[in-house]
Amino acid sequence: MLVKTYSSAVLGVTATTITVETHTDQGINFYLVGLPDSAVKESQHRIVAALRNNALKWPGLRITVNLAPADIRKEGSAYDLPIALGVLAASKQRDFPDLQDYLILGELSLDGGLVPVKGVLASVLQARKEGFKAVILPEENAKEAAMVSGIKVFGATNILQTVDHLSGDLPMEALQINIEDEFRKKTIEPSFDFSEVKGQSNVKRALEIAAAGAHNVLLIGPPGAGKTMLAKRMSGILPPMSMQEALETTKVHSVAGRLEQGQSLVAERPYRSPHHSISDVALVGGGGYPQPGEISLAHNGILFLDELPEFKRTVLEVMRQPMEDRKVTISRARFSVDFPASFMLVASMNPCPCGYFNHLSKDCVCAPGAVQKYLNRISGPLLDRIDLHVEVSPVSFDEIAKTEMAEGSEAIRERVVKARELQNHRFEKSKGIYANAQMHSRQLREVCALDKSSRDLLKLAIERLNLSGRAYDRILKVARTIADLEGSSSIKADHVAEAVQYRSLDREAWVGV
């Protein structure tokens, strides 16, 4: 007898529906085909124990299970439950009349309990697209799956509960969630606020501009100046995530297995801060069976790289293309996968090995040429992709001793949101572009037209600083964002002048060291 159940394989952040074909015949043996990995091959031992511990039988028959399409590699333990149900139906122990309507996922423990699996959101989205009426999966994954509307979600705790539901003996109730309410509940106030930061008004202004236009930013300053403290507060001034962004982000974290138990949605913008010893694969993603890296886990949020020159050169260079394309493609001999990587890069660094080059009161003790050698650890092409280079100076005692609170993150966020609303309206017909930092050359010519005084000022700056063509584009984008924060429809000379100031590493004071 032949029975078909349906499960799912996740490759990258997209899912493919897998048909689990179970055939029984005379004989005693078990064959599992369809390119399974070790975890899938071991499923027989888990299923046999789970069935026997729940008063069900492993049939004394020749059983062949095919995972189709057979040319896609199957990995993980999510196939345990659909295989077990297929065996029960094919051996005529139970009758499941509506089995073809269900997508089924779940790992079995030896006592028959269901263990949560990864990549559920991507699988359920694909199931809805293909017309499945319902999905059965472990109870811990049910909230995540229920974020997809238009398909029934049944969360089961063990195999017996699943069998009773499919046979009609004891139907389960579908989990229903008000998606908007769940989204609002998951939105929490940021832990860090700019009101706690003393002084640094110029840096706060630069970070506000970066947040308003989704620009990459590099903070340069001596130890203890507050670079990390300022970076941690960036997420508090970014616009709240939309539902679509939340689903995209949740999908990546689900595939990577980073969702906490029972978590249904990632509603806060991610803030990822990897250590400088990270490998290039861990940063951009990869492996034998590709998994998302830190730049994908930071999708729709912030990637903070502290002490940027301490990262290995190869690690930094692999970020160059993802920063431009806002996605990373991992290629293998037989397939390639795309992971989203639309993140804001916030980086910090000391100006030299000792940390006190260009310091107001302390002398730099680095050897001649050491400063330039230190800066050269970051390549020119990578620096060109960073829109704002901001110098962070130590805060004076008078500033630290002030008792009044500075402007809070909420007030800054309101201005950022207004600027983003202008950009959303501006780019509503441009697919995949929602902020000034993402403009292509064509949009740049249309949106960033300059009058004569602005053009002359920019020409003088380009010639004096010997900037690249990419740096010219970055200045225009930043100037457009500054104009948006002021509510100006056109870019003015003072907007260009402020944007040029945020190219610290292009100035002679740095270039000539």
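Is Leu35 buried or partly exposed? Leu35 is partly exposed, because its relative accessible area is 33%; the term buried means under 20% relative accessible area, exposed means over 50%, and partly exposed lies in between, with a 1.4 Å probe and protein chains only. The tour starts at this residue.

**Before selecting anything**

This is a predicted model, in which local features need pLDDT of at least 70 and side-chain atom pairs count only at pLDDT 80 or more, while totals for chains, interfaces and linings use all residues. Residues are numbered from 1 along each chain as its sequence is written, and side-chain values use heavy atoms, with hydrogens and water left out.

**The whole protein**

Display the complete chain. The C-alpha atoms fill a box of roughly 85 × 50 × 45 Å, taken along the principal axes. The protein has 23 helices and 18 strands; helices (H or I, at least four residues) and strands (E, at least two) are DSSP runs, numbered from the N terminus. Of its 513 residues, 53% count as buried. Among contacts between residues at least 6 apart in sequence, 74% join residues at least 24 apart, where contact means heavy atoms within 4.5 Å.

**Stop 1: Leu35 and Pro69**

Select Leu35, which is found in the loop between strand 3 (29–33) and helix 1 (38–41). Phi of Leu35 is near 65°, a positive value in a residue other than glycine. Next, select Ala68 and Pro69, which are joined by a cis peptide bond with omega of about 0°. Pro69 is placed in the loop between strand 4 (62–68) and helix 3. Most residues other than glycine have a negative phi, and most peptide bonds are trans.

**Stop 2: helix 3**

Select residues 80–90, which form helix 3. How many of the residues of helix 3 are buried? The helix is mostly covered, with eleven of its eleven residues buried. Among them are Asp80, Pro82, Gly86 and Ala90. Helix 3 is followed by Lys92, which has a positive phi near 60°.

**Stop 3: Ala127**

Move to Ala127 in helix 4 (residues 120–129). Ala127 counts as buried because its relative accessibility is 0%. Leaving aside neighbours within four places in sequence, Ala127 is in contact with Leu103, Phe132 and Ile151.

**Stop 4: Gly226**

Gly226 is found in the loop between strand 10 (217–220) and helix 9 (227–232). At 13% relative accessibility, Gly226 counts as buried. Select Val197 as well; the C-alpha atoms of Gly226 and Val197 are separated by 8.6 Å, and the two residues are 29 apart along the chain.

**Stop 5: the largest pocket**

A pocket is an open set of points on a 1 Å grid over the protein atoms alone, where a 1.4 Å probe fits, with protein on both sides within 12 Å along at least five of seven lines; lining residues have an atom within 4 Å of a point. About 550 Å³ of space lies in the largest pocket, a volume being the space filled by probe spheres set on the points, which are joined across faces, edges and corners.

Colour the elements that give two or more residues to the lining: helix 14 (320–325), strand 17 (344–349), helix 19 (441–447) and helix 21. Arg326 has a positive phi of about 60° although it is not a glycine. Arg326 counts as partly exposed, at 23% relative accessibility.

**Stop 6: helix 18**

Finally, select residues 409–426, the 18 residues of helix 18. At 1.5 Å a residue, helix 18 should span 26 Å, and its end C-alpha atoms are 25 Å apart, which agrees; the expected span is 1.5 Å times one less than the number of residues. The buried residues are Ser409, Ile412, Arg413, Val416, Ala419, Arg420 and Gln423. They cover an arc of only 130° around the axis, which puts them on the same side of helix 18; the arc is that of the directions from the helix axis to the C-beta atoms. These buried residues pack against helix 8 (201–213) and helix 21 (469–485). The face turned away from the buried side carries the exposed residues Lys418 and His425. Glu421 also lies in helix 18, and Glu421 counts as partly exposed at 49% relative accessibility.
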